[in-house]
Every structure is written in structure tokens, then in C-alpha cells.
Amino acid sequence: MDAIECIKTRMSIRQFKKEPVERSQLEELIDIARWSPSYKNSQPWEIIILSGAKKEALSARLVELFQGGASPGPDIPEPQSWPPAEEARIAHLYKSRADAFGIDLNDPGILKKAKIANFNFYGAPHALYLFQDSSLTPWSLFDMGLFAQSFMLAAHARGIGTVPQAFATDYARDVKSFLDIPETKRLILGISIGFPLSDKNANSFRTDRADTKELVRWIE
Ligand SMILES: Cc1cc2nc3c(=O)[nH]c(=O)nc-3n(C[C@H](O)[C@H](O)[C@H](O)COP(=O)(O)O)c2cc1C
């Protein structure tokens, strides 16, 4: 698969086979993603990959916090509102996903189900967490996005599925304490990793994109 096909066919995977990905394959993905560009080549990414009993225990802790009504405290705050164009695209995503899966958007249990699925890393055998030092500026946050995309594209090229998850950072303080990461680090993103289940299921839904005409102004 060439780079263009890889970019265009990658999608978020939300149902995984139980079978773990070999350590050597996960190492290869990190080895590839580390070639991402970064501001002054500072490479601000710090990575944890969780598997097995430790991953299950963190999921159990996150679900327990959520069900106990703990207030989320992500290091990068969730947006409280969106500009109109972005808001419309989010509404479009929710509606198309609801139509595809027969979900009632007025069902108050939807968010709860979604959060629990996220905290369980969608059943994936591995969960990656990205951190960086909290003294870094938004330029370094930008670098983290580049790293995450390289990682997800490399995984896709090797037949491994991923989904980036802001929700997995809801209880940042607890995640850091569980992983023995100092409070001085900023939790950026979780990524579930595993082999995609390819039958008719969550993975059969593809998102679309705004037309290029909506995005670019050509000035001459
Ligand atoms: C920074 C970021 C945070 C995201 N957080 C979540 C999340 O918490 N849970 C989830 O299921 N998907 C999450 N996603 C996945 C997006 O919903 C998904 O990328 C988007 O709908 C486009 O679909 P695609 O990845 O299949 O192309 C996130 C994506 C990004 C880039």
C-alpha cells in the first residue's frame, strides 16, 4: 500500500480481535513513528504501551471512577463549544453514525455506553498513552499529533487497527498515578491497538470529510 492509499483508507477501529500484537511489531511501529517531524527536532513524545492484566486493571479503575461519578480532569480540557462549521460537522458525524447503527440520539445512556467502551479500550489487547512534559508549549502539542498520525498510519500499513481517544485521558491524574508517571507530565492521548474485527460491526462505518472547496481559499 502506498502512502496515499494508507492515509485514505485508515479509519478508527472500535472492535478488535483478542489476539495480541507481537512485541516486535509494536516496537516496529514506534520505530517508524519516531521519524515524525517535530519542532526543532525536540521529539517531545513519551510513550507507554499497556497490555494484559495491567491494561485490564487500568480499564477497571477508569470505569470505577466514571461509575462513581468522578468529574473528568483531562490535562487538555474538552472544548465547551465549537465554531459553527466544526459544530455542523460533529452533528453530521453523530447523525450518520446513529443512522448506520440505529442509535437514538436522545437516549441519555448513549454517552455512558460510549465512555465505558472507551475506558475498556474497545476490547483492544493494547493501549498506548502519549505524554509530554507540561512545560512545553502548543507547538509541542502539534508534534504529538504528527507522532500519533504516523503511528496510526504505520499500524494500518501493517494490518493493525487503532483509534485515538481523548476520552481515555478523562482521568489524567489517576492514569498518571496508575502508570507511575510524575504529575509534571501532560497526558495527551490514548490509542487502542489491535487487529481489527472485520465482520459487520462498528468497523463497517466510515466517516466522510468536508469537500476541499470548503477548506481552501486560493489567492493569486
Ligand atoms: C484528538 C482525537 C481525539 C479523539 N477522541 C476519540 C475518543 O475519545 N473516542 C473515540 O471513539 N474516537 C475518538 N477519536 C476518533 C474520531 O472520532 C475519528 O478520528 C473521526 O470521527 C474520523 O473518523 P476516522 O478516524 O475513522 O477517519 C478522536 C480523534 C482524534 C484525532
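**Reading the fold, the core and the ligand shell**

Mentor: The chain holds eight helices and four strands; helices (H or I, at least four residues) and strands (E, at least two) are DSSP runs, numbered from the N terminus. This is a predicted model, in which local features need pLDDT of at least 70 and side-chain atom pairs count only at pLDDT 80 or more, while totals for chains, interfaces and linings use all residues. Residues are numbered from 1 along each chain as its sequence is written.

Trainee: In what order do the elements of the chain run from the N terminus on?

Mentor: The order is α-α-β-α-α-α-β-α-β-α-β-α. The radius of gyration is taken over C-alpha atoms, and the globule rule is 2.2 Å times the number of residues to the power 0.38. Here the radius of gyration is 18 Å, close to the 17 Å that the rule gives for 220 residues, so the chain is as compact as a globular protein of that length.

Trainee: How is burial read, and what percentage of the 220 residues is buried?

Mentor: A residue is buried if 20 or more other C-beta atoms lie within 10 Å of its own, exposed if 12 or fewer, and partly exposed in between, with C-beta atoms placed from the backbone. Buried residues make up 25% of the 220 residues.

Trainee: Which residues touch the most other members of the largest nonpolar core?

Mentor: A nonpolar core is a set of buried Ala, Val, Leu, Ile, Met, Phe, Trp, Tyr and Cys residues joined through C-beta atoms within 7 Å. The largest has 35 residues, of which Leu130, Ala148, Phe151 and Ile191 touch the most other members. Helix α6 gives the most to this core, with seven residues.

Trainee: Which residues does Leu130 touch?

Mentor: Two residues are in contact if their C-beta atoms, placed from the backbone, lie within 7 Å. Not counting residues up to four places away in sequence, Leu130 touches Trp45, Ile47, Met144, Phe147, Ala148, Ile188 and Leu189.

Trainee: Which residues are around the ligand?

Mentor: A residue is near a molecule if its C-beta atom, placed from the backbone, lies within 6 Å of it. Around the ligand are Met11, Ser12, Leu93, Asn118, Val163, Pro164, Gln165, Ala166, Phe167, Leu189 and Thr207. Strand β3 (residues 161-165) supplies the largest share of this shell, three residues.

Trainee: Is Ala172 buried or exposed?

Mentor: Ala172, found in helix α7, counts as buried because it has 22 C-beta neighbours inside 10 Å.
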